[in-house]
Amino acid sequence: MEPGKTVLITGATTGLGLAIARALTKTDYRVYLTARQSSLPRFDMHQVSESEHVRIRALDVTSAEQRTRIVAEAERDWGGIDILINNAGIAYRAVVEHVTEEERIAQMDVNFRSPMELIRLVLPGMREKLAGRIITMSSVGGMMAMPTMAAYSASKFALEGAHESLWYEVRPWGIKVSLVQPGFIDSDGFQRVRHTPKSDRSKHELAEPYHEHYVNMGPFIERLMKSSRATPDSVARVVLKTMRRRHPPLRVPATLDALGFSILRRILPRNSYHWLLYKMLPKVDTWGPSPKRVSSLPPATKRDGSDER
Ligand SMILES: NC(=O)c1ccc[n+]([C@@H]2O[C@H](COP(=O)([O-])OP(=O)(O)OC[C@H]3O[C@@H](n4cnc5c(N)ncnc54)[C@H](OP(=O)(O)O)[C@@H]3O)[C@@H](O)[C@H]2O)c1
């Protein structure tokens, strides 16, 4: 434990962020629990409140003004941020064709651009102290990309690449950089996944070319989450352990499946790995222009333009 150090966590009112926030309030760290202004009342609902060591602040990670304000406050009052936990994130569920440029930018903005900007703000203070920790929530989606999750995976792969560079860059100042990689977690995070207008329509319309992708992937991922033994609390414990390790690794698999996938990825030849995962996709033989599927559809739902529903 490092009493007196100041921790800032983003997106702390739900899911993993809330579990980490609760765990942090039980430590001796000085803590900034942050969330978007509109989400702050949730802290009250979950009986998380301010104390001498805990401050609750509004921080929309995409707002340059709010990022600058909170880092300046921490520098003025508590000697700056010693440990930054980038947790806030959003996830679109949509195939590549169904994500517009605007949606892709929104995905990258919250998951990649904003945490990198926060990191840029806290690094000068950390370099001055010759110490500091950056802990960023990556994902199994940052080591493997599943169908319908391209935009999300792109954002996590981007984080992985940037943090790998950062790990080398700031090591000379004693700053430790870690990516925590949760896999499937038994949580309600599933309900907060966003569909784009196009992916939503395809999910509901049988005649849409990617219909089978959505109706099979959604429940598949939900089943994997529900059957996982990992919980937000178990991942929070991994984050706190990473904060306290003298030599934390760059990549920290936070669930058993994340560990399994990282081993598979290392030991299997890349082509075999992709084929194995492809074969494991739910009902993948019914995806796309399967003659079986098209002939089994009622005439009105075939892709002949006769039914637009
Ligand atoms: N749960 C999983 O299975 C899982 C697996 C792998 C990785 N992860 C990663 O772990 C992190 C937390 O995931 P989670 O499952 O706990 O997700 P979650 O329940 O959806 O929580 C995400 C949090 O991010 C916040 N957020 C979104 N946009 C924001 C913004 N612009 N500024 C500030 N906060 C913002 C949300 O706040 P609002 O309520 O205000 O929108 C919410 O509190 C994410 O980075 C996610 O990618 C999760």
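I started with W275, which counts as exposed at 53% relative accessibility. Y278 counts as partly exposed, at 37%. For these words I take buried as under 20% relative accessible area, exposed as over 50% and partly exposed as in between, with a 1.4 Å probe and protein chains only.

A note on what I am reading: this is a predicted model, where local features need pLDDT of at least 70 and side-chain atom pairs count only at pLDDT 80 or more, while totals for chains, interfaces and linings use all residues. Residues are numbered from 1 along each chain as its sequence is written, and side-chain values use heavy atoms, leaving out hydrogens and water.

Next I looked up aromatic pairs and found 3 in the structure. Rings of Phe, Tyr and Trp (its six-membered ring) pair if their centres lie within 6.5 Å; planes under 30 degrees apart are stacked, over 60 edge-to-face, and the rest tilted. One of them is Y32 with W78, tilted, at 5.1 Å centre to centre and 55 degrees between the planes. Y32 sits in strand β2 (residues 30-35) and W78 in helix α3 (residues 64-78), so this pair ties together parts 46 residues apart in sequence. My elements are DSSP runs numbered from the N terminus: helices are H or I with at least four residues, strands E with at least two. Both Y32 and W78 are buried.

W275 and Y278 make an edge-to-face pair, 5.6 Å centre to centre with 85 degrees between the planes. They are 3 residues apart in helix α10 (residues 270-280), so about one helical turn separates them.

I also checked for charges over rings (NZ of Lys or CZ of Arg within 6 Å of the ring centre and within 35 degrees of the ring normal). R55 lies over the face of W78, 4.5 Å from the ring centre. R127 does likewise over W173, at 5.5 Å.

Last, what does α10 pack against? The axes of α9 (residues 256-267) and α10 come within 8 Å and cross at roughly 135 degrees. Axes here are lines fitted to C-alpha atoms, for helices over the stretch in contact, with angles from 0 to 180 degrees between N-to-C directions. In α9, F261, L264 and R265 meet R270, Y273, L276 and L277 of α10, contact meaning heavy atoms within 4.5 Å.
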